[in-house]
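Let's take a walk through this one together. Have a look at the sequence and the fold, and then we'll go piece by piece.

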Amino acid sequence: MNKQKTGIFSGSFNPIHIGHLALANYLCEYEGLDEIWFMVSPQNPLKAQEKLWNDELRLELVKLSISDYPRFQASDFEFHLPRPSYSVYTLEKLREAFPDREFYFIIGSDNWERFGYWYQSERIIKENQILIYPRPGFPVKEEELPETVRLVHSPVFEISSTFIREALDARKDVRYFMHPKAWEAIQFTPLIDEE
């Protein structure tokens, strides 16, 4: 029996936007993936990063944004793993929990450039299939990629979650940068947990 080819698109999705959705859509329709799991990363307590929106809100916005496309799934898998959640362990636990699937780890070329600094990066490359999507300013030399790593030639989407958050803070109407259901949901939602 052929295993389901499942892309793991991991990120904070703070919030999810049409760039994420269009990329995942491309990977399903043009790169042979059967499905993509949007794996929402929980807040990492060890990082002093910009404030993340509430975990459950980010997950809910993903669910709303992908509900119309049956090949997308929202995943809170990392919410239930020890933190900080390292990708090498997440992927290991996924293979154990879902032996009927063949996983493909999806990362941007900006992350690929820094991949050698990731925790146990060599093990990730050895044990997993990796798909790299292009990001502006981060070219990839395909001829130098390991056997388990492939560059996909998806369109480049220059939209960021930071842009969306800043636009919302400035009371801008950026509804067309997000899925309509997600845009509607955040209109009356407090976006950041107050300490």
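Why does Glu 166 count as exposed? Because its relative accessibility is 53%, and exposed means over 50%, while buried means under 20% and partly exposed lies in between (1.4 Å probe, protein chains only). Before going on: this is a predicted model, where local features need pLDDT of at least 70 and side-chain atom pairs count only at pLDDT 80 or more, while totals for chains, interfaces and linings use all residues. Residues are numbered from 1 along each chain as its sequence is written, and side-chain values use heavy atoms, leaving out hydrogens and water.

Glu 166 sits in helix α6, residues 161-169. Helices (H or I, at least four residues) and strands (E, at least two) are DSSP runs, numbered from the N terminus.

Now try helix α2, residues 55-66. Its 12 residues reach 17 Å from first C-alpha to last, close to the expected 16 Å, which is 1.5 Å times one less than the number of residues. Among its buried residues are Leu 57, Leu 61 and Ile 66, and what covers the buried residues of α2 includes α1, β2, β3 and α7.

How values were computed
Contact = heavy atoms within 4.5 Å.
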